[in-house]
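Please look over the sequence and the model before reading on.

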Amino acid sequence: MGILTGKKALIFGVANDHSIAWGISQAFHREGAELGFSYAGDKLERRVRPLAASLGSDFVEPCDVSQDADIATVMEKAKARFGEIDILVHSIAFANRDDLSGPYYNVSRDGFKTAMDVSVYSFTALARAALPIMKPGGSMLTLTYLGSVRAVHHYNVMGVAKAALEASVRYLAMDMGADEKRIRVNSISAGPIRTLAVAGIQGSRQMISEFAKVSLLGRNISIDDVGNSAAYLCSDLASGVTGEIHYVDAGYNVAGFPADG
Ligand code: NAD
């Protein structure tokens, strides 16, 4: 018996086998969950469908989270297929490449809106749309990064978006906790991992190699590290945990001056 046996999870944000959402999917599958997937854009369908099949899932539906109609359709289809779901995973972010280099203050109004819409509002929109099909005691999870609470070179508007996302987690946890279904809402703040999304951030390669020198475990983070923590947070083992920003970063966020020499 896995810690997610009998649970059904809807996962948004697999782009390829480097995606954090893929690490989460693999851990969920190992722990016994039944999975449904969503992808953004036709190009990604070709990648996501075989990945889903490798975990025994043929529920693979398109959803651009900036489109309310797409969100409504995917939830209708999930209801028809699964009846109810236990877990919603939001592993999605986007900002224009131009807004991830140079001074933060150069962000355009449109660039700001795009980052906030796709990276922040989408979690609230998905949470609201999923609530009617969530099983009581279920849980929702999103992904954030330290750039929300610290100034990280080049992270810029995405840091501002992550701060808003983390605030959303607390407000959603309040709303969902007061609802009779008592859904839990949490986030994982992951250390830097080389994924498609990170490739768009200037200097990310250097940041990832420096990270291991400062982190308390002296290493980088993998999508498996994040997947394992996600499995715990979305399982009944975390039944008393909601509204949290849970760091999966090898202790980087608490490090002071850890390196000898
Ligand atoms: P990724 O590129 O594999 O995943 C990002 C996903 O967002 C992709 O699947 C992409 O299709 C999806 N997406 C973008 N715009 C969308 C839209 N309009 N509609 C639907 N989906 C859309 O990269 P990742 O690193 O796995 O990112 C997943 C999450 O983890 C993001 O929220 C990211 O900010 C967060 N995160 C990443 C790191 C890291 O270092 N990789 C660290 C902390 C947090």
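Accessible areas here come from the Shrake-Rupley method with a 1.4 Å probe. The model itself is predicted.

## Surface and charge

On that basis, the accessible surface of the protein chain is about 12300 Å². Carbon and sulfur atoms hold 52% of this surface.

The chain carries 25 positive and 28 negative side chains. The centres of these two sets are 2 Å apart.

## Overall form

The protein chain contains 8 helices and 7 strands. Its C-alpha trace extends about 55 × 40 × 40 Å along the principal axes. A compact globule of 261 residues would have a radius of gyration near 18 Å, and the value for this chain is 18 Å, so the two agree.

Buried residues, meaning those under 20% relative accessible area, make up 52% of the 261 residues. Among contacts with a separation of 6 or more, 74% are between residues 24 or more positions apart.

Strand β4 covers residues 85-90. All of this strand is buried, 6 residues of 6, and therefore β4 is largely enclosed by the rest of the structure.

Two pairings of β4 can be followed in the model. With strand β1 (residues 8-12), β4 pairs in the parallel sense over 4 bridges; in this pairing Phe12 stands opposite His90.

## Strand β6 and its two faces

Strand β5 (residues 134-144) runs parallel to β6, and 6 bridges join them.

How many of the 7 residues of β6 are buried? The count is 7 of 7 for this strand (residues 184-190), so β6 is largely enclosed by the rest of the structure.

In a regular strand, side chains alternate between the two faces of the sheet. Which residues of β6 point each way? Arg184, Asn186, Ile188 and Ala190 point one way, while Val185, Ser187 and Ser189 point the other way. The residues of both sets are buried.

## Summary

Methods. Residues are numbered from 1 along each chain as its sequence is written. This is a predicted model: local features need pLDDT of at least 70, side-chain atom pairs count only at pLDDT 80 or more; totals for chains, interfaces and linings use all residues. Side-chain values use heavy atoms; hydrogens and water are left out. The radius of gyration is taken over C-alpha atoms; the globule rule is 2.2 Å times the number of residues to the power 0.38. Buried means under 20% relative accessible area, exposed over 50%, partly exposed in between (1.4 Å probe, protein chains only). Contact means heavy atoms within 4.5 Å. Lys and Arg count as positive and Asp and Glu as negative; His and the chain ends are not counted. The place of a charge is taken as NZ of Lys, CZ of Arg, CG of Asp or CD of Glu. Two strands pair if DSSP finds at least two bridges between them.
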